[in-house]
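Please read the following report on a single protein chain alongside its sequence and its 3D structure.

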Amino acid sequence: MDKVFKALADETRRYLLDRLREENGQTLTELCTRLGMARQSVTQHLGVLEAANLITTVRRGREKLHYLNPVPLHEIQERWIERFEQPRLRVLSTIKRQAENSMKPEFVYVTYIRSTPSAVWEALTDADLTAAYWGHANVSDWQQGSTWQHRRTDGSGVADIVGEVVTSEPPNRLVTTWRDPHGDGSAHSTVTYLVEPHEGIVRLTVTHVGLADEKDLADITHGWPAVLSNLKSLLETGSALPTAPWEMPVG
């Protein structure tokens, strides 16, 4: 059980299990492609899952297929859940999920950049580069569990947004929390950057979830496209747009 809980504690490994739940029997190449992660990183996570007996592998010629193994999860269910009222718990879980989904709007934006994954990753994490196209410097060592700050570039050093690095898989996947530094720390949203290479270009997908309300959604719906357009211009032309795009009037 210790290995199972340790394996499930990591967001990336839970994400891998979700992908196998959607389509069982995937190869390492298929998992890497769909997750936008490096082979070495995926292999390490799969090794932890296999050691916990949460997945099993089968050889098919030169390929190794990965399958979910539900037995450990079933054992957890029998040991800790069966004694409770399952129907009631399922209803409460459904209500909670529906309430959270209705209260927490989500935002997804995809852009295509003529660049490399390493260059895009650097543009997302280098303080000087983010200052050049964002108007704020994103400052961190970008290690999992570290803090990060969205600092003004006016010399004040004031951070308008702070958070933690949840997942850091250079140069393909970065997950960070966002919160108001003046708040109580309990309210935060989560941003995921997914960098996927394809034949000389990069698809950058930014997902922002856990937003507080529709006002926040409206703000980032205007802000993210402006910031990412500036990033795209910087990487493709060597300079940001001549006018800050987020300053353009809406409507």
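Strand 8 (residues 189-198) is mostly covered in this predicted model, since eight of its 10 residues are buried, where buried means under 20% relative accessible area, exposed means over 50%, and partly exposed lies in between (1.4 Å probe, protein chains only). Helices (H or I, at least four residues) and strands (E, at least two) are DSSP runs, numbered from the N terminus. Residues are numbered from 1 along each chain as its sequence is written, and side-chain values use heavy atoms, with hydrogens and water left out. As this is a predicted model, local features need pLDDT of at least 70 and side-chain atom pairs count only at pLDDT 80 or more, while totals for chains, interfaces and linings use all residues.

Strand 8 pairs with strand 7 (residues 173-178) in the antiparallel sense over six bridges, and in this pairing T176 stands opposite V191 of strand 8. With strand 9, strand 8 pairs over nine bridges, again in the antiparallel sense, and here T192 faces T207 of strand 9. Two strands count as paired if DSSP finds at least two bridges between them. Strands 8 and 9 also form a hairpin with two residues between them, and E199 in the turn has a positive phi of about 50 degrees.

These pairings belong to an open sheet of seven strands, in the order 3-9-8-7-6-5-4, with antiparallel pairing. At its edges are strand 3 and strand 4 (136-139), each of which pairs on one side only. From one strand to the next, the twist averages 20 degrees, where axes are lines fitted to C-alpha atoms, for helices over the stretch in contact, and angles run from 0 to 180 degrees between N-to-C directions. Strand 4 is joined by four bridges to strand 5 (residues 147-152), and the two run antiparallel; within this pairing, V139 has Q149 of strand 5 as its bridge partner.

On the surface, V108, V110, Y112 and I201 form a nonpolar patch with about 330 Å² of accessible area together. Strand 3 (residues 107-113) supplies three residues, the largest share of the patch, whereas I201 lies in strand 9 (residues 201-209) and is partly exposed, with a relative accessible area of 31%. Patches are made of residues with over 30% relative accessible area and no salt bridge, like charges being joined within 9 Å and nonpolar side chains (Val, Leu, Ile, Met, Phe, Trp, Tyr) within 5 Å; a salt bridge is a side-chain nitrogen of Lys or Arg within 4 Å of a carboxyl oxygen of Asp or Glu. Accessible areas come from the Shrake-Rupley method with a 1.4 Å probe, and for residues only the protein chains shown count as cover.

Most residues other than glycine have a negative phi, and most peptide bonds are trans.

A cis peptide bond joins P170 and P171, with omega of about 0 degrees, and P171 is found in the loop between strand 6 (159-169) and strand 7.

The mean pLDDT of the chain is 85, and 86% of its residues reach 70 or more; pLDDT is the predictor's confidence in each residue, from 0 to 100. Confidence is lowest in helix 6 (residues 86-103), at a mean of 58, and highest in helix 7 (residues 117-125), at 97. Where pLDDT is low, the predicted coordinates should not be read in detail.
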